[in-house]
Amino acid sequence: MPKPIQFRLHAEHALAEREIAREWVERTVLAPEWTEPDPDPALERRFRAIPERGGRILRVVCAENDAMILVVTAFLDRRARRPV
């Protein structure tokens, strides 16, 4: 069973403002196509193409511990490129 996903208030506002579905964020968090470290060592960036948005790449910044995954923010990242 996957860990529960919680959203910071900023993330909730960002999803609404950017018209990003929670389901896309959950899909990206639980099954990213690739990950990168964030400048903040407590955070991780997770990426996934979103077919519902023409294949654009969703970046989700989150923190994971033994009990849960906390989503800090999410946005469609125009500059994201899959690692080679």
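Glutamate 23 and arginine 27 both sit in helix α2, four residues apart, which is about one turn of the helix. Their side chains meet in a salt bridge of 2.6 Å, N to O. This is a predicted model. The count of salt bridges comes to nine. Strand β5 is largely enclosed by the rest of the structure.

**Salt bridges in the helices**

- Glutamate 23, one end of the bridge to arginine 27, is partly exposed at 42% relative accessibility.
- Glutamate 12 forms a salt bridge with arginine 22, with the closest N and O atoms 2.8 Å apart.
- Glutamate 12 belongs to helix α1 (residues 9–18) and arginine 22 to helix α2 (residues 22–30), so this pair ties together parts that are 10 residues apart in sequence.
- Glutamate 12 is partly exposed, at 35% relative accessibility.
- Arginine 22 is also partly exposed, with a relative accessible area of 37%.

- Lysine 3 pairs with glutamate 64 in a salt bridge, the closest N and O atoms being 2.9 Å apart.
- That pair links distant parts of the chain, 61 residues apart: lysine 3 is in the segment before β1 (5–7), and glutamate 64 is in strand β4.
- Lysine 3 counts as partly exposed at 29% relative accessibility.
- Glutamate 64 counts as partly exposed at 40%.
- Salt bridges link Lys3, Glu44, Arg46 and Glu64 in a network.

**Strand β5 and its partners**

- Strand β5 covers residues 69–76, and seven of its eight residues are buried, so the strand is largely enclosed by the rest of the structure.
- Strands β4 and β5 run antiparallel and are joined by seven bridges.
- Leucine 58 stands opposite leucine 76 of β5.
- Strands β1 and β5 run parallel, with three bridges between them.
- Phenylalanine 7 has valine 71 in β5 as its bridge partner.
- In a regular strand, side chains alternate between the two faces of the sheet.

**Cysteine 62**

- What is its relative accessible area? The value is 1%, so cysteine 62 is buried, the cut-off being under 20%.
- Beyond its neighbours within four places in sequence, cysteine 62 is in contact with Ala42, Leu43, Glu44, Arg46, Ile69, Leu70, Val71 and Val72.
- Among these contacts, Glu44 and Arg46 also belong to the salt-bridge network with Lys3 and Glu64.
- Cysteine 62 and threonine 73 are 11 residues apart in sequence, and their C-alpha atoms are 7.2 Å apart in space.

**Arginine 45**

- Is arginine 45 buried or exposed? Arginine 45 is buried, because its relative accessible area is 18% and the cut-off is under 20%.

Technical notes:
Residues numbered from 1 in each chain as written. Predicted model: local features only at pLDDT ≥ 70, side-chain atom pairs only at ≥ 80, totals over all residues. Heavy atoms only, no water. Buried < 20%, exposed > 50% of the residue type's maximum accessible area, 1.4 Å probe, protein only. Contact = heavy atoms within 4.5 Å. Salt bridge = Lys/Arg side-chain N within 4 Å of Asp/Glu carboxyl O. Helix = DSSP H or I, 4+ residues; strand = E, 2+ residues; numbered from the N terminus. Pairing = 2+ DSSP bridges.
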